[in-house]
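Please open the model in a viewer and keep the selection panel at hand. The stops below are given in order.

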Amino acid sequence: MALRFYNTLTQQLEVFTPLEGNNVRMYTCGPTVYHYVHIGNLRTFTFQDILRRWLRYRGYQLNHVMNITDVEDKIIRNAMEQGKPINEYTAVYEKAFLEDIETLRLQRPERIVRATEHIPEMASAIQTLTDKGFTYDSDGSVYYRIASFPQYGKLSHISLEGNRAGARVDVDEYEKDDARDFVLWKARRGEEPFWETPLGPGRPGWHIECSVMSMKYLGETLDIHTGGVDLTFPHHENEIAQSEAITGKPFVRYWLHAEHLMVEGQKMSKSLGNFYTLRDLLAQGQQPENIRYLLASVSYRKKLNFTFDGLKAAQTALDRLRNYQLRLDTTKFADGMNESILELTAKARQSFEESLDDDLNTAEALGHIFEFVRVTNTAMDSGEFKTGNVAAVRELFDIFDSIFDVLKPTVQSGAMSDAEIDSLIAERTAAKKTKNFKRADEIRNSLAEAGVILEDTKDGVRWKRK
Ligand code: AMP
Ligand code: ZN
């Protein structure tokens with residue numbers, strides 16, 4: 001079966017093919033850098049990472065653009081309160097965001113672009129909208145007239161009657177003809193930062209940046225656009241209204257939206273105050289791989305409830321996979337090849353691939369891996385698993401980890417590297433051979449202090465991090 005995604009626009013599962021050959025042009029709404037991102041935001045970015053990796057696994061070349069919203073009401077308010085220029089204020093959180101995505105092993109998009117570096121392009125796009133009759137002015141601000149775009153609502157599938165403006169609309173509100181109209185350009189106000197443009201002094205509204213930056217780097221029609229479900233309306237609806245009014249062409253072919261990370265039945269959000277940043281969790285001693293595993297383990301279109309028990313379960317799941325891998329790498333299996341296990345391995349791989357092809361069903365893909373581990377562990381116990389079976393299983397695990405990327409423990413700064421550990425273990429083995437048990441014990445103790453556990457087996461020494 002071919003790769004399929006659920007498209008919010010058509011409300012259907014659709015076979016994915018890029019517009020041009022093998023190249024996928026993808027755009028992601030990035031963070032608003034007024035604070036550290038929370039792990040709810042990071043769930044959406046983790047979904048995008050799995051999507052990236054799976055598209056690449058399926059042989060596509062990616063051109064993926066993500067924006068950084070670095071001018072916006074909250075940024076301006078906070079920067080002014082702290083008496084800082086906005087770029088100085090946002091630099092801290094942009095840097096933190098890039099560090100956070102690295103900690104969670106999220107691949108960087110090919111291009112990350114800042115709103116403040118595209119103001120002239122935004123002004124010119126607004127001018128085009130005005131020339132085409134989609135806007136009106138009010139006190140130097142420019143608004144998009146929703147009534148001029150009859151397809152408005154086609155993404156969020158909401159009827160315009162009685163539709164209430166969302167929170168993002170409210171904060172962008174000055175004087176509007178219609179509550180649903182949204183601001184494209186805000187006239188200079190008080191001490192707020194502004195840019196001099198042919199539209200007059202002011203700053204852009206939030207929505208125009210994504211239309212402008214996506215089309216600048218990816219062309220008029222994108223293959224994929226992603227974000228969290230809360231962006232569907234009004235943000236993505238407004239992006240469509242802007243872009244399609246400018247080009248007259250379809251803006252995006254596949255719209256993919258990630259469901260929310262929840263806390264006790266409510267969306268994790270900064271405004272509700274029910275959030276954890278990645279830094280909060282790391283400070284409590286949580287491992288990045290466990291967090292990544294938890295965020296990736298539920299299919300992106302299902303809500304995921306965040307709990308500390310969930311993190312513990314992630315740790316248990318990863319222990320299971322790592323122990324299996326250790327067993328695979330260090331056991332001396334009987335010679336030969338068990339054909340039925342070889343077949344089982346090929347089937348597990350196929351099922352894993354089919355699950356991810358099916359709209360990135362990560363939960364099901366993981367289920368196949370764990371079932372395979374259970375069955376082959378039993379085969380190892382009974383001696384049916386043979387040396388000849390190892391290579392294909394390793395390959396399966398390599399494929400699994402090229403997508404999930406959770407098996408290698410994060411080396412804490414100051415911790416021992418794998419090479420250092422291996423060399424100390426070799427020294428200990430040599431010390432034992434020459435009956436220097438004192439040195440052998442010293443090495444075992446210092447490894448234990450560094451959180452490395454040794455296990456002497458008949459096949460040699462196994463080790464793992466605590
Ligand atoms: P923001 O910085 O608020 O624009 O959000 C960045 C991304 O995180 C957007 O794609 C949001 O839709 C997404 N997001 C916000 N809250 C959550 C949540 N609780 N769970 C999943 N994604 C979220
Ligand atoms: Zn956006």
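The tour visits a metal site and then a ligand site.

This is a predicted model, in which local features need pLDDT of at least 70, side-chain atom pairs count only at pLDDT 80 or more, and totals for chains, interfaces and linings use all residues. Residues are numbered from 1 along each chain as its sequence is written, chains are lettered from A and ligands numbered from 1 in the order in which they are written, and side-chain values use heavy atoms, with hydrogens and water left out.

**Zinc site**

Select ligand 2, the zinc ion, which is coordinated by Cys29 (SG), Cys210 (SG) and His235 (NE2) at 2.0 to 2.2 Å. Donors are N, O and S atoms within 2.8 Å of the metal (3.2 Å for Na, K and Ca); water is not among the atoms, so the site may look incomplete. The donor residues follow the spacing C-x180-C-x24-H in sequence. Cys210 lies in helix α6 (residues 208–218) and His235 in helix α7 (residues 232–247), 25 residues apart; helices are DSSP runs (H or I, at least four residues), and strands likewise (E, at least two), numbered from the N terminus.

**Ligand 1**

Next, select ligand 1 and the 16 residues around it, of which Gly40, Thr44, Asp230, Leu261 and Met268 come nearest; a residue counts as near if one of its heavy atoms lies within 4 Å. Display the backbone too: an N or O atom of Thr32 lies 3.0 Å from an oxygen atom of ligand 1, and one of Gly40 lies 3.0 Å from a nitrogen atom of ligand 1. Finally, colour α1, which gives the largest share of the shell, 3 residues.

Note on methods:
Polar contact = N/O pair within 3.5 Å; in protein donor to acceptor, adjacent residues only side chain to side chain.
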